[in-house]
Every structure is written in structure tokens, then in C-alpha cells.
Amino acid sequence: MPPEPAKLAVHFLAAAQRYARWGVTSIHLMNSGKSLGVTLDTLALAKTPQKWTVYSWATGAVPNVAGAWAAMDAAPKQLPPRVRVDGPKWMLDGTPIEQNARQREPYAGRPQWRGRSNLSDEQLREILQTALRRPEQLALHVVGDAETD
């Protein structure tokens with residue numbers, strides 16, 4: 001069952017109010033587990049004081065690289081006040097907590113494991129070539145030192 005914007009708006013507003021007490025004036029939201037439409041409806045209801053930039057996590061949820069860009073292109077042009085949609089954020093590797101960050105050296109206690117990339121070289125090339133033609137700034141989630149290389 002998809003999340004309901006009215007229920008999510010309560011949580012978004014509570015978080016935004018906490019952030020405002022800390023002086024946070026803009027929030028980058030990595031949209032996950034809900035459609036872009038639900039997120040935009042939620043932000044319209046929440047009416048938070050901060051500026052919001054919404055990215056989608058570009059992971060296995062989309063069938064291919066072009067599909068991730070297309071999902072963002074399909075975003076409504078009329079957005080809530082102080083909200084912008086700025087393309088997919090590409091998860092190139094995982095986190096060190098799950099030992100999926102792609103490392104130069106093996107993980108302690110796992111001499112054969114250095115983590116992994118989420119994308120093939122061909123997919124990464126397509127992402128980078130497409131990003132050069134797009135108006136958005138390229139957003140990458142990179143954790144491991146070998147993935148950065």
C-alpha cells in the first residue's frame with residue numbers, strides 16, 4: 001500500500017520544524033519507497049519553511065538508466081512552493097556498514113571481499129554521457145575508495 005501524503009506530511013513537518021530550530025534552511029530529500037507524486041503531494045500539504053530539493057534514488061527500482069531520467073522528467077511542472085525536482089541520485093556502491101562499499105583493500109575478517117559496484121562500466125558510461133546533456137547537476141552516492149577511483 002503506497003504511503004498517504006496526509007500522514008507523511010505530519011512527519012515531514014515535524015522533521016522540518018526540528019531542522020528549523022537547528023538553522024537548516026534547505027533540505028535535500030532522497031526520495032525512496034514512494035512515488036515522486038506522493039512526495040510532492042506530501043510537501044504541498046506539509047508547507048514547511050525550508051527549500052526542498054527532491055532526488056530519486058536511482059537503484060534497482062527503475063528498469064534501466066534511461067528510465068531513471070524519464071521518471072524525473074515526468075515530474076509535474078507545477079511544484080509546491082520552495083520545492084524543486086533535480087534528477088536521480090545514482091548509488092554507485094553501498095555502505096561500509098553492510099560491507100558493500102567497494103574498497104581497494106578487503107574488509108577486515110573477509111579477505112576475499114572488497115564490496116561491489118551497483119552498476120556496470122557500460123551503465124556508468126551511459127549515466128555520465130547522459131548527465132553531460134542534462135540541465136541538472138550530476139548527483140552520485142559513492143562510498144568506497146575503489147568506487148571513487
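Helix 3 (residues 65-73) and helix 4 (residues 121-133) pack with their axes 9 Å apart, at an angle of about 35°. This is a predicted model, where local features need pLDDT of at least 70, side-chain atom pairs count only at pLDDT 80 or more, and totals for chains, interfaces and linings use all residues. Residues are numbered from 1 along each chain as its sequence is written, and side-chain values use heavy atoms, with hydrogens and water left out.

Q: What makes Val65, Ala66 and Trp69 in helix 3 count as meeting helix 4?
A: Contact means heavy atoms within 4.5 Å. On the helix 4 side, the partners are Gln123, Glu126, Ile127, Thr130 and Ala131. By class, that contact has five nonpolar, two polar and one charged residues. Here Ala, Val, Leu, Ile, Met, Phe, Trp, Tyr, Cys and Pro count as nonpolar, Asp, Glu, Lys and Arg as charged, and the others, Gly among them, as polar.

Q: Why are helix 1 and helix 2 called oblique to each other?
A: Their axes are 8 Å apart and the packing angle is about 60°. Angles under 35 degrees count as roughly parallel, over 145 as roughly antiparallel, 65 to 115 as roughly perpendicular and the rest as oblique. The angle of about 60° belongs to the rest, so the pair is oblique.

Q: Which residues does helix 1 use to meet helix 2?
A: Pro5, Ala6, Leu8, Ala9, Phe12 and Leu13 do it, against Val38, Asp41, Thr42, Leu43, Leu45 and Ala46 in helix 2. Sorted by class, the residues of this contact are 10 nonpolar, one polar and one charged.

Q: What makes a set of residues a nonpolar core?
A: The members are buried Ala, Val, Leu, Ile, Met, Phe, Trp, Tyr and Cys residues joined through side-chain atoms within 4.5 Å. The largest one here has 16 residues, and Phe12, Leu29, Leu36, Leu43, Trp52, Val54 and Val83 touch the most other members. Helix 1 (5-21), strand 1 (26-31), helix 2 (36-46) and strand 2 (51-58) each give two or more residues to this core. Helix 2 supplies the largest share, five residues. Apart from that core lies another, of seven residues, including Val65, Ala68, Trp90 and Leu92.

Q: Why is Ala70 called partly exposed?
A: Buried means under 20% relative accessible area, exposed over 50%, and partly exposed in between (1.4 Å probe, protein chains only). Ala70 has 43%, so it is partly exposed. This residue lies in helix 3.

Q: How do you know whether Leu124 is buried or partly exposed?
A: Its relative accessible area is 23%, so Leu124 is partly exposed. Leu124 lies in helix 4, and it is 32 residues from Leu92 in sequence but 8.3 Å away in space, C-alpha to C-alpha.

Q: What makes the phi of Arg82 worth a look?
A: Most residues other than glycine have a negative phi. Arg82 is not a glycine, yet its phi is positive, about 65°. Arg82 sits in the loop between helix 3 and strand 3 (83-91), and at 41% relative accessible area it is partly exposed.

Q: Where is Gln99, and what is its phi?
A: Gln99 is in the loop between strand 3 and helix 4. Its phi is positive, about 60°, although Gln99 is not a glycine. With 22% relative accessibility, Gln99 counts as partly exposed.

Technical notes:
Axes fitted to C-alpha atoms, helices over the stretch in contact; angles between N-to-C directions. Helix = DSSP H or I, 4+ residues; strand = E, 2+ residues; numbered from the N terminus.
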